[in-house]
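Please examine the sequence and the structure shown below before reading further. The paragraphs that follow proceed from strands to core to pocket.

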Amino acid sequence: MAQMIFVNLPVKNLETTVGFFGNLGYTTNPAFTDDKTACLVISDTIFAMLMTEERFKEFTKKDVVDASTATEVILALSADSREKVDELADAALASGGSPAGETQDLGFMYGRSFQDPDHHIWEVVWMDPAAAEGQA
């Protein structure tokens with residue numbers, strides 16, 4: 001079985017955040033979704049567990065970071081092309097997300113970033129396959 005990752009993220013309003021990611025083309029897995037948690041399906045092996053802040057606090061004794069004032073993590077997703085990077089970033093901005101940084105265009109690598117409604121930073125990156133294999 002392929003290794004999977006489940007990224008747990010606190011959210012202020014679960015319905016708003018699920019709607020935002022739905023506008024980007026993502027779905028939730030109903031088997032792991034309730035009124036406090038939504039399992040966002042990013043790929044066959046990547047999931048984001050979107051949890052109300054109250055539910056998220058049940059998993060840690062530490063303070064929950066206020067992502068509007070501090071950054072604890074930047075989530076990076078690969079894209080199949082430069083166009084796919086733009087499609088996802090543009091959809092995020094059109095759906096209520098906000099820019100998180102400047103576009104990065106190194107020729108062999110292209111990326112954009114955005115903040116979701118809870119201010120978590122997401123990067124979307126394409127890299128030329130030859131460069132990724134060290135052949136560029």
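**Strands, core and pocket**

Arg112 has Val124, in β9, as its bridge partner. The model is predicted, so local features need pLDDT of at least 70 and side-chain atom pairs count only at pLDDT 80 or more, while totals for chains, interfaces and linings use all residues. Residues are numbered from 1 along each chain as its sequence is written, and side-chain values use heavy atoms, with hydrogens and water left out.

Strands (E, at least two residues) and helices (H or I, at least four) are DSSP runs, numbered from the N terminus. Two strands pair if DSSP finds at least two bridges between them. Strands β8 and β9 pair in the antiparallel sense, over seven bridges. Their hairpin has five residues between the strands, and His119 takes a positive phi near 75° there. Strand β9 (residues 121-127) also pairs with strand β5 (residues 74-78), in the parallel sense and over five bridges. In that pairing Ser78 stands opposite Val125.

Gln115 belongs to strand β8 (residues 109-115). Is Gln115 buried or exposed? Gln115 counts as buried because its relative accessibility is 17%, and buried means under 20% relative accessible area, with a 1.4 Å probe and protein chains only. The side chain of Gln115 reaches the backbone oxygen of Pro99 at 3.4 Å. Beyond its neighbours within four places in sequence, Gln115 is in contact (heavy atoms within 4.5 Å) with residues including Phe20, Pro99, His120 and Ile121.

In soluble globular proteins, nonpolar side chains tend to be buried together. A nonpolar core is a set of buried Ala, Val, Leu, Ile, Met, Phe, Trp, Tyr and Cys residues joined through side-chain atoms within 4.5 Å. The largest such core has 23 residues, and those with the most contacts inside it are Phe21, Leu24, Tyr26, Leu50 and Trp122. Among the elements that give two or more residues to this core are α1 (14-23), α3 (82-94), β8 and β9. Not counting residues up to four places away in sequence, Tyr26 touches Phe21, Leu40, Val41, Ile42, Leu77 and Leu88. Another core, of five residues, lies apart from the largest one, and Phe47 and Phe56 are among its members.

A pocket is an open set of points on a 1 Å grid over the protein atoms alone, where a 1.4 Å probe fits, with protein on both sides within 12 Å along at least five of seven lines; lining residues have an atom within 4 Å of a point. The largest pocket is lined by 20 residues, of which Pro10, Phe56, Val65, Glu72 and Val73 lie nearest its centre. The largest share of this lining, five residues, comes from β1.

Terms used. Buried means under 20% relative accessible area, exposed over 50%, partly exposed in between (1.4 Å probe, protein chains only). A polar contact is a pair of N or O atoms within 3.5 Å; within protein, one must be able to donate a hydrogen and the other to accept it, and residues adjacent in sequence count only if both atoms are side-chain atoms.
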